[in-house]
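User: I would like to go through the terms used for this model. Please set each value against its cut-off.
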Amino acid sequence: LHEGGARIRTLSDAFRNPQPGLSAVLTFDDGYYNNVYALDTLRRWQAPATFFISTDHVEQQKSFWWDVVYRNGFRRGAPASELRRRYAQLKALRTEEIEANVRASFGAKALSPVSDVDRPFSPAELVDFAGAEYVSLGNHTKNHAILPNYDDDAVRLEIDRGQRFLSPMCGGGSLPLAYPNGGFDARVGGIAKKMGIRCGVTATSGVNS
């Protein structure tokens, strides 16, 4: 990005103050503890980044379901095409349903993290991380909910619980929201806007604008 002449900006600055020229915003989703390994690089390049946190994973110290599917598939040599089909099937469900499916498939302890690479932050670690230079936090819902799969009340709950957990670490106020899996439609966006979310981030393969 630096070699290409991009100015790496905070998400809030880029959102509030559009400017000419090439800008970039760095974001990390989910809330993995391994995000701490990015800090040296961010400091080296003086590059701010926003880390979107799924708060139930932090509070409950549970693995992300896709890691569980991957590691169990990898152990038995499942082809990538099979894993992609499984992911697509599960993404049509609510997180609670996905996790029940994963436990039924791989055992009651399937969602227990196995290392620092796959585990989420602990609450205390996240507080420390939130205070690090070049780090901002954002809301990734309470349970990594693919929001179009949820009714209106459940969408509000997912967003609200994420905000309530994270906002005190960030000095209060509304945080930006990254829609898990990029799951966004007009209904979900309307609910988020009514809840005071000023900036929402989705995902599109290729070059994003």
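User: What makes His-144 buried or exposed?

Analyst: First, the basis. This is a predicted model, where local features need pLDDT of at least 70, side-chain atom pairs count only at pLDDT 80 or more, and totals for chains, interfaces and linings use all residues. Residues are numbered from 1 along each chain as its sequence is written, and side-chain values use heavy atoms, with hydrogens and water left out. Buried means under 20% relative accessible area, exposed over 50%, partly exposed in between (1.4 Å probe, protein chains only). His-144 has 9%, so His-144 is buried.

User: Why is Thr-141 called buried?

Analyst: Its relative accessible area is 0%, so Thr-141 counts as buried.

User: What is the phi of Thr-141, and what is that of His-144?

Analyst: Thr-141 has a positive phi of about 70° and is not a glycine. His-144 is not a glycine either, and its phi is positive, near 45°. Most residues other than glycine have a negative phi.

User: Where is Thr-141?

Analyst: In the loop between β5 (135-139) and α8 (152-166). His-144 is in the loop between β5 and α8. Helices (H or I, at least four residues) and strands (E, at least two) are DSSP runs, numbered from the N terminus.

User: Why are α4 and α6 called roughly parallel?

Analyst: Angles under 35 degrees count as roughly parallel. The axes of α4 (residues 65-75) and α6 (residues 95-106) cross at roughly 25° and come within 10 Å. Therefore α4 and α6 are roughly parallel to each other.

User: Which residues of α4 and α6 meet?

Analyst: Trp-65, Val-68, Val-69 and Asn-72 in α4 meet Ile-98, Val-102 and Phe-106 in α6. Contact means heavy atoms within 4.5 Å.

How values were computed. Axes fitted to C-alpha atoms, helices over the stretch in contact; angles between N-to-C directions. Parallel < 35°, antiparallel > 145°, perpendicular 65-115°, else oblique.
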